[in-house]
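The following report describes how two chains of a protein assembly meet and how the copies are related. Please read it alongside the sequence and the coordinates shown here.

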4 protein chains.
Amino acid sequence: MVIVMQAGASEEDLAAVLDRIGSLGLAPHVSRGEERTIVGLIGDERPVEDGTFEALPGVERVVRILHPAKLASRDFHPEDRVIELPGGARLGGQEICVMAGPCAVESAEQLREAAEAVRANGVKVLRGGAFKPRTSPYSFQGLGEKGLLLLREIADSLDMAVITEVVTPQDVPLVAEHADVLQIGARNMANYELLKSAGSAGKPVVLKRGLGSTVDELLQAAEYLLAHGNEHVALCERGIRTFETATRFTLDINAVPVLKQLTSLPVVIDPSHSTGHAPLVAPIARAGIAAGADGLLIEVHPNPAEALSDGAQSLDPAGFASLMDDVRRVAAAVGRSSA
Amino acid sequence: MVIVMQAGASEEDLAAVLDRIGSLGLAPHVSRGEERTIVGLIGDERPVEDGTFEALPGVERVVRILHPAKLASRDFHPEDRVIELPGGARLGGQEICVMAGPCAVESAEQLREAAEAVRANGVKVLRGGAFKPRTSPYSFQGLGEKGLLLLREIADSLDMAVITEVVTPQDVPLVAEHADVLQIGARNMANYELLKSAGSAGKPVVLKRGLGSTVDELLQAAEYLLAHGNEHVALCERGIRTFETATRFTLDINAVPVLKQLTSLPVVIDPSHSTGHAPLVAPIARAGIAAGADGLLIEVHPNPAEALSDGAQSLDPAGFASLMDDVRRVAAAVGRSSA
Amino acid sequence: MVIVMQAGASEEDLAAVLDRIGSLGLAPHVSRGEERTIVGLIGDERPVEDGTFEALPGVERVVRILHPAKLASRDFHPEDRVIELPGGARLGGQEICVMAGPCAVESAEQLREAAEAVRANGVKVLRGGAFKPRTSPYSFQGLGEKGLLLLREIADSLDMAVITEVVTPQDVPLVAEHADVLQIGARNMANYELLKSAGSAGKPVVLKRGLGSTVDELLQAAEYLLAHGNEHVALCERGIRTFETATRFTLDINAVPVLKQLTSLPVVIDPSHSTGHAPLVAPIARAGIAAGADGLLIEVHPNPAEALSDGAQSLDPAGFASLMDDVRRVAAAVGRSSA
Amino acid sequence: MVIVMQAGASEEDLAAVLDRIGSLGLAPHVSRGEERTIVGLIGDERPVEDGTFEALPGVERVVRILHPAKLASRDFHPEDRVIELPGGARLGGQEICVMAGPCAVESAEQLREAAEAVRANGVKVLRGGAFKPRTSPYSFQGLGEKGLLLLREIADSLDMAVITEVVTPQDVPLVAEHADVLQIGARNMANYELLKSAGSAGKPVVLKRGLGSTVDELLQAAEYLLAHGNEHVALCERGIRTFETATRFTLDINAVPVLKQLTSLPVVIDPSHSTGHAPLVAPIARAGIAAGADGLLIEVHPNPAEALSDGAQSLDPAGFASLMDDVRRVAAAVGRSSA
């Protein structure tokens with residue numbers, strides 16, 4: 001941590017800062033420049049609360065040096081982490097892990113049709129929403145537990161793993177009982193009670209980046225999971241909010257290699273939500289793999305025009321088969337493989 | 001709803017759109033332009049799911065005409081709504097409603113000192129956090145139920161109402177038992193399970209705008225509360241995420257008059273979180289009142305440099321007294337009053 | 001400047017950084033922490049190009065300590081600057097300086113009507129566009145020199161000063177001949193050739209913040225003007241691009257007190273462009289004054305529905321008279337006056 | 001264009017809208033819904049100024065249906081356009097067009113070294129800045145005409161084409177004399193005088209997207225070039241401003257396939273500026289090609305740590321050779337080729 005004093009800060013102001021540093025059990029390192037005095041803080045700055053120094057008189061600015069998410073950092077765990085899933089899928093391994101299925105489980109027929117279509121293309125992880133966070137209270141809110149049971153049953157019949165979203169701490173045990181991977185959605189990335197609960201659920205978690213959250217905050221959210229005992233965490237870039245309105249969100253493709261630098265947790269992208277338009281899903285999926293992503297979350301519906309949610313961004317089976325061909329070729333070009 | 005067909009859409013594409021409209025029990029209104037055919041949809045478009053038409057061949061774009069949040073709209077409830085609170089405060093009335101106190105309840109002493117300081121300036125609603133959503137898992141997470149009891153006890157002794165944050169559905173009954181107003185924080189604006197729960201808790205709610213959420217989405221989140229039976233909802237603009245880094249967030253001051261147009265729910269601003277720096281709190285508080293806000297949420301700490309959270313943006317008692325002087329003058333200038 | 005070394009940086013990496021510091025005539029200050037070594041740079045860091053250290057092996061991050069815009073900083077010029085204009089207006093003084101008139105000069109009649117309407121409300125500075133930067137090549141592009149002459153003539157007849165936009169370096173002499181204040185628009189804030197030219201034109205400049213530019217970049221753009229000899233520079237916050245679409249732009253109200261801290265240059269706001277809707281102009285004008293702005297830029301048209309540009313955000317004379325009443329009251333509430 | 005009337009709009013309000021439509025030589029199409037009346041406008045809406053209807057009483061909202069940039073649209077020119085350059089490069093063809101070289105021309109030696117390094121990897125277009133738009137007035141501003149002459153001489157000696165930035169209308173003839181392609185930088189995307197001038201310069205133009213500009217605005221800026229007679233225009237996505245600070249800008253990868261849908265102009269990306277960090281350039285270059293981009297703009301410096309600008313994001317010759325290997329493999333995976 002570096003504390004920058006104001007141009008007009010007094011010696012008393014400086015003394016108060018040094019006192020405060022001492023009271024935290026840390027050591028100061030004072031550097032007097034021509035226009036500003038700066039104070040470096042020797043020791044682990046992570047436990048120091050934001051605002052500790054900013055509120056002192058004469059302090060202009062405080063800059064953190066160490067990333068606050070220690071367990072999630074590559075410094076702490078240099079080797080790439082791999083999450084093994086039932087059915088043989090591996091998240092973070094050499095092979096690209098594609099997780100595909102409908103946005104929402106609507107019925108046994110719809111889910112089976114979607115699942116068979118993705119399974120036929122080599123997909124080993126079935127995605128589908130049973131508990132749906134919807135912007136409008138009047139939208140379809142999901143089948144709940146019944147949807148979970150359908151996911152489990154149909155995935156088992158096809159030898160697939162299940163990933164599904166959990167939206168509230170109370171549901172974590174139920175979802176962890178039926179699913180192989182818990183998904184934490186973008187709107188819940190900073191739902192810390194949910195993170196604490198999912199952190200101790202004993203199942204892998206795919207954590208989506210909040211639509212208004214930085215890469216740093218995503219890593220700190222992952223830190224909640226890791227600090228509560230869950231080692232099997234993957235991160236998902238799914239588009240952020242920007243001024244551009246041609247697409248639903250803006251996929252932050254830069255975040256893929258940035259995350260691979262900062263952390264050894266697997267990184268996947270969600271080209272369906274980040275674009276909002278089916279014709280854009282394949283190009284963005286290819287881009288994500290080319291940038292180094294370890295996997296994809298893709299929405300597939302047997303008949304997108306009849307979907308109860310996210311029809312505009314869902315691929316039909318033919319579109320998905322074509323996307324998988326693309327993914328295979330791009331994966332090979334970057335030294336990876338794909339089912 | 002207006003459906004814009006692609007330039008090259010066929011008559012079959014158009015027929016499929018008209019069929020779909022009919023199957024929803026609505027009537028179409030076709031308008032053939034020189035370059036595009038557009039189809040208006042007569043009837044209540046609100047129950048139509050997003051994506052219903054976008055996924056049909058030949059459809060270029062779909063534009064909604066009606067705001068999806070009906071109960072929250074001023075069309076539905078034209079007169080300004082006023083929320084009466086114990087202790088005589090009114091949210092949405094002629095008098096500006098200032099809610100002030102520490103970011104987090106740290107101890108009985110700290111809370112009492114802060115509460116007395118704000119009470120001495122006429123404040124009738126004590127704010128303070130017992131359950132704290134914190135970006136880092138290593139930060140102080142709040143005193144929980146003990147904090148709630150302190151808030152209640154100290155507020156009662158000063159004849160004040162209590163507003164405090166609730167972060168998970170399970171805690172709603174407990175918080176509703178001790179507090180007069182439930183606060184839903186920015187990170188939980190789209191935590192729909194929490195909204196449903198708070199919607200039926202029987203206590204007024206102050207709903208903060210998500211840091212990556214639009215005004216429309218804020219109104220739809222309020223709609224969850226209203227649709228679950230809660231009529232006493234106020235909205236809070238607390239700053240959004242933008243590229244500007246000089247401040248912690250960017251207060252969207254435009255949102256104040258925009259919300260006053262779109263809805264009759266009371267609107268307050270939070271100048272503490274939206275700036276992140278104590279010296280900016282008073283100017284932004286004045287700006288919010290001048291723009292038409294009905295109230296303020298302000299962080300006050302007896303000694304900001306010792307605060308366990310948000311010290312950089314907390315006012316000390318002297319700073320708060322000065323802010324209240326400012327607020328009184330600006331309130332009078334716009335035909336309002338302030339304690 | 002503080003240089004943060006990577007966790008795994010070698011002694012050779014550090015030596016290369018120290019060498020480089022020496023070659024720039026500056027002195028290093030090394031501070032070895034437990035997890036990172038950081039190097040402070042003693043001396044004036046401003047001439048050091050971005051990237052000088054980032055490209056060296058072992059460097060993780062570089063943090064600048066001094067604001068790069070020295071002449072524009074309040075450190076350099078602590079007292080508030082005031083710009084005196086012909087006709088008695090003062091920009092940055094105790095009195096709020098309102099600059100009002102049509103978006104574009106369309107005809108002598110239209111301009112005269114608008115000018116008389118604003119003059120009748122005490123306005124001493126007439127705004128109007130002769131050279132119009134328009135998003136579409138098919139939109140009205142302004143009357144050019146003819147518009148300048150009309151501005152001058154009508155302003156003179158009403159004893160007003162003229163502010164008008166200049167869009168290209170070649171036009172600076174012409175505009176400076178006829179106008180009292182040059183306006184540099186948001187789209188040209190980083191048009192550095194224009195800034196250099198306006199910097200030596202001998203007339204005051206109102207510099208608008210770019211819609212995707214930070215406060216820091218605005219100050220650096222002002223630095224171009226100051227470094228080229230122009231001391232009479234005012235800054236204008238006119239709304240930035242964010243994800244919110246309810247308004248045309250998002251006025252960054254926080255920027256008003258932030259700029260007043262960082263610089264002694266006068267600060268004005270443009271509530272017309274930052275909202276894009278006439279009914280929002282008065283509330284935002286009030287907010288700007290309440291936050292500490294020194295002036296306003298307001299679009300007024302005798303008949304907004306007939307305007308050749310920006311009709312949706314232009315006030316008619318009655319709306320403007322009402323806004324001026326508001327401004328007077330809010331100005332008084334914050335210890336300022338207004339015509 | 002669709003005009004949405006307010007819920008409470010009167011028949012007189014509607015009549016005034018219809019009158020106005022008639023006065024513009026267009027025909028209305030009225031559709032009375034249960035809650036709102038909407039009016040469609042039959043005919044070419046493009047010449048209608050923004051604000052024409054918004055300023056009329058009773059109008060709630062106006063939605064444009066046709067894209068305002070007609071000449072740039074794929075509707076108008078369905079087949080992909082290809083720009084032939086001297087030296088055999090083709091922008092928009094089957095082969096990926098890589099344009100590489102130093103950010104700024106610093107000296108004959110530096111430029112020759114960089115040019116030889118990129119030429120050795122098959123690059124046929126040399127980039128390099130002679131006129132540099134710099135954020136700080138104290139930064140290196142480029143060699144100007146001398147830089148242009150060096151670019152021409154060294155490119156000729158290696159049988160390469162030259163692309164270089166032009167920053168002000170006055171310089172267009174000079175730059176067009178020496179360069180094969182004019183680059184318009186992000187900060188000048190909305191410098192309409194420059195666009196008009198470059199539109200009639202008789203040389204191809206690569207137009208970069210403004211950092212706060214939408215895809216729509218980029219197309220309208222291209223429309224300026226096309227409307228002034230220049231058919232040889234390529235678009236460049238170079239990163240937009242978002243709240244994320246881990247990278248200098250956020251490359252909007254979605255914009256690549258979006259632009260390919262909306263326009264037949266070639267689309268390139270600039271992974272150097274959009275990331276700001278050399279280690280991120282290759283992954284993002286791969287992503288851009290995978291998403292369908294037709295080319296790349298890459299900064300290469302013989303010794304990035306000595307660069308006078310953009311050292312942090314410049315590749316050294318070895319890094320560039322490795323990037324070209326990547327590009328070749330990914331290009332092949334998406335059915336393209338690369339030198």
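In this predicted model, the side chains of B:Arg46 and D:Glu35 form a salt bridge at 3.0 Å from N to O; a salt bridge is a side-chain nitrogen of Lys or Arg within 4 Å of a carboxyl oxygen of Asp or Glu. Between chain D and chain B the count is 4 salt bridges. The model is predicted, with local features requiring pLDDT of at least 70 and side-chain atom pairs pLDDT 80 or more, while totals for chains, interfaces and linings use all residues; side-chain values use heavy atoms, leaving out hydrogens and water. Residues are numbered from 1 along each chain as its sequence is written, and chains are lettered from A and ligands numbered from 1 in the order in which they are written.

**Interface of chain D and chain B**

| Property | Value |
|---|---|
| Contact residues of chain D | 28 residues |
| Contact residues of chain B | 28 residues |
| Buried area, chain D and chain B | about 2100 Å² |
| Share on carbon and sulfur atoms | 58% |
| Polar contacts, both at pLDDT 80 or more | 9 residue pairs |

Contact here means heavy atoms within 4.5 Å. Buried area is the accessible area (1.4 Å probe) that two parts lose on being put together, summed over both. A polar contact is a pair of N or O atoms within 3.5 Å; within protein, one must be able to donate a hydrogen and the other to accept it, and residues adjacent in sequence count only if both atoms are side-chain atoms.

On the side of chain D that touches chain B, the elements giving two or more residues are strand 1 (2–5), strand 2 (27–32), strand 3 (37–42) and strand 4 (59–63) of chain D. Strands are DSSP runs (E, at least two residues) numbered from the N terminus. Strand 2 of chain D gives the most, with 4 residues. The area that chain D loses to chain B is greatest at D:Glu35, D:Ile65 and D:Phe243, which together account for 24% of what that side buries.

**Relation of the copies**
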